[in-house]
Amino acid sequence: MPERVAAAVRGLASPVCAYVYDPAVLAARVAALRAALPGVTVCYAVKANGHPAIVAAAAAACDGLEVASGGELALAEAADARRIVFGGPAKTDAELAHALRLGATVNVESPHELRRLSLLADRAGTTATITLRVNRAGAALPGTHAMTGAPTPFGVDEAQLPEVVALARSLPGLDLAGWHLHAVSNNLDAAAHSAFLAEALRWSAATSKELGVPLRTVNAGGGFGVDYTGGAAFPLDELRVAVPEGVELVVEPGRWLAADTGWYAAEVLDLKHTHGRWFAVLRGGTHHFRLPAAWGYSHPFTVLPVERWDYPWARPEVGGVAVDAAGELCTPRDVLTRGQEVDRLRAGDVLLFARTGAYGWDISHHGFLRHPQPDFVVLDRAE
Ligand SMILES: *Cc1c(COP(=O)(O)O)cnc(C)c1O
């Protein structure tokens, strides 16, 4: 646990419930990725963490931002993103028109969307730069959330590509720059990811040639993994890719750039023993950090000891036992961690969950039970 994070948490009023974000971590991640993949365009996938401080750091450090909704488009605009890539299978006309005004590259996901974008661009007297999102026949990677090579609502089936490309070329207001091939999330295998990037480039060149489309852009999406339970790092130095002359390779990671920018802190409100198990009941829970419940794993925590105790009776305390970290919701599924050994844990201590900066707050069901929201603390760069 970095001391500046611990210090920020110690400064909070009890009962502590907060996300602490460190945007400098994101900037360092972008630098490391650029060093590993020289010349590759890096866009941050805003959906991983749309907190304005994180989006601002990403807009400053990356070549651009990848957005997938009107709300994210507005965030990217507010952050002065140098470049915007707009994807997602359910774009409205208003969102497409907004993207056109911002000069975004649109990842088009269907023939109907292609026609709507063409109409809007033509009416506005502009040209939309587009890539076609392709659901390839067999480009699966290890990891969770496979999105291609299977029936999904994302992109155009590879088999329909000739017709869709012909349509794109027949319509006004469209400039087809290449392909968007985002395929997976949370892949931890660098060799497999290198192979995926090489295959994306090979497939793109072959397909562009076959369909007579000059190839400028290959967007390989995100998917760099984070090991939540084991602490392994994605082996960045094993990533290799040779980008052909005249082609821009775009990657758009979210999880890997943002995960380590966040810590979730929750005070232990109660400690209890029922039917043979110890429970630390938290001010907080899965309505703030849903990922462990959604994925079915135990998210590790560290104990931040808090000396203050305001009650005139002995403090509930355990030592050398396994504890479940349960939340404040009235459901047995509100558990962040099961069976983690603690040396010492007392009511009033704070549990700190690291690696919660990506798909943490942003994917959680905040409204359930109407508890107050956590504090959001953004660490200063100079600290
Ligand atoms: C979610 C998403 C990403 C980011 O994926 P990560 O697994 O967070 O790296 C990138 N591109 C698209 C199109 C996405 O939907």
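The paragraphs below take up these topics in turn for what is a predicted model.

The UniProt record, in an unreviewed entry, places the feature "active site" at Cys330. This residue belongs to the loop that joins β15 (321-326) to β16 (335-342). Cys330 has a relative accessible area of 71% and is therefore exposed, since the class begins over 50%.

Leu73, in helix α4 (residues 70-78), has a relative accessibility of 0% and so counts as buried. Setting aside residues up to four places away in sequence, Leu73 touches Val67, Ile84, Phe86, Glu95, His98, Ala99 and Leu102. One of these contacts, Phe86, also has Lys91 over its face, at 5.7 Å from the ring centre.

Aromatic pairs number 16 in the structure. Among them, Tyr228 and Tyr297 are stacked, with 5.7 Å from centre to centre and 25 degrees between the planes. The pair links distant parts of the chain, 69 residues apart: Tyr228 lies in the loop between β9 (217-219) and β10 (248-251), and Tyr297 in the loop between α10 (291-295) and β13 (302-304). Tyr228 is buried at a relative accessible area of 7%, and Tyr297 is buried at 16%. The pair of Trp309 and Tyr311 is edge-to-face, because the planes stand at 65 degrees, with the ring centres 5.0 Å apart. Trp309 counts as partly exposed at 26% relative accessibility, as does Tyr311 at 48%.

Ring pairs also join Tyr19, Tyr21, Tyr264, Phe289, Phe301, Phe353, Trp361 and Phe376 into a cluster. Elsewhere, the charged end of Arg29 sits over the ring of Trp256, 4.6 Å from its centre.

Technical notes:
Residues are numbered from 1 along each chain as its sequence is written. This is a predicted model: local features need pLDDT of at least 70, side-chain atom pairs count only at pLDDT 80 or more; totals for chains, interfaces and linings use all residues. Side-chain values use heavy atoms; hydrogens and water are left out. UniProt positions are given in the numbering used here, feature names are shortened, and annotations may be inferred rather than shown by experiment. Helices (H or I, at least four residues) and strands (E, at least two) are DSSP runs, numbered from the N terminus. Buried means under 20% relative accessible area, exposed over 50%, partly exposed in between (1.4 Å probe, protein chains only). Contact means heavy atoms within 4.5 Å. Rings of Phe, Tyr and Trp (its six-membered ring) pair if their centres lie within 6.5 Å; planes under 30 degrees apart count as stacked, over 60 as edge-to-face and the rest as tilted. A charge sits over a ring if NZ of Lys or CZ of Arg is within 6 Å of the ring centre and within 35 degrees of the ring normal.
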